[in-house]
Amino acid sequence: MLSPRPRPIEPQPGQESVWHYPRPAIVQPSAKRIQVICNGVEIADSSRTHRVLETSHPPAYYIPIADIQMDYFTPTDQQSFCEWKGWARYYTITVRDQVLVNAAWQYPEPTPNFAVIAEAIALYPGRMEACYVDGERVQAQAGDFYGGWITADIVGPFKGGAGTWGW
């Protein structure tokens, strides 16, 4: 049984509510510094990212390939389809002895509204050792499908956990 749509948390000054994000999703530039640590290695560092915003989801950050240590990324055969962004392909991230299968994804030929993320990769923050937005450690969105990044300036409740599929 699907749970009813939850009551949104009222944002405080300086916060955003994911319930004010649009549907369908949109993409917007972000100048916040994004850092990703995997098995003791910084695999990404950028202040030129884009974030995808969609109702009930914390933002997913898309990091320019130029700001990622691509030596650690290997394309896989995994694919998925998003009605707004198009077809995604996935990457396994291997750092030293740690292998994270399908831990990152890219839309190499996104729909026109998302063309700015064609040369960028997103990843699951919960699969990394740590992810940071402007120095704040990120909490990962619950579940194993979405890749949202939760920080103190984002309020929910967030889709992704048990019982939230029908929101």
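Two strands are taken to pair if DSSP finds at least two bridges between them; strands (E, at least two residues) and helices (H or I, at least four) are DSSP runs, numbered from the N terminus. The model is predicted, so local features need pLDDT of at least 70 and side-chain atom pairs count only at pLDDT 80 or more, while totals for chains, interfaces and linings use all residues. Residues are numbered from 1 along each chain as its sequence is written, and side-chain values use heavy atoms, without hydrogens and water.

The chain contains zero helices and 15 strands. Its C-alpha atoms fill a box of roughly 45 × 30 × 30 Å along the principal axes.

Four of the strands form an open antiparallel sheet in the order β4-β3-β11-β12. Because β4 and β12 stand at the edges with a single partner strand each, one side of each is left without a neighbour in the sheet. Strands β3 and β11 run antiparallel and are joined by four bridges; Ile-34 stands opposite Val-133 in β11.

| Strand | Residues |
|---|---|
| β3 | 34–38 |
| β4 | 41–46 |
| β11 | 130–133 |
| β12 | 136–137 |

A pocket is an open set of points on a 1 Å grid over the protein atoms alone where a 1.4 Å probe fits, with protein on both sides within 12 Å along at least five of seven lines; lining residues have an atom within 4 Å of a point. The largest pocket holds about 520 Å³ of space, the volume being that filled by probe spheres set on the points, which are joined across faces, edges and corners. Of its 25 lining residues, Glu-54, Cys-82, Lys-85, Phe-145 and Tyr-146 are the closest to the centre. Strand β6 gives the largest share of the lining, four residues.
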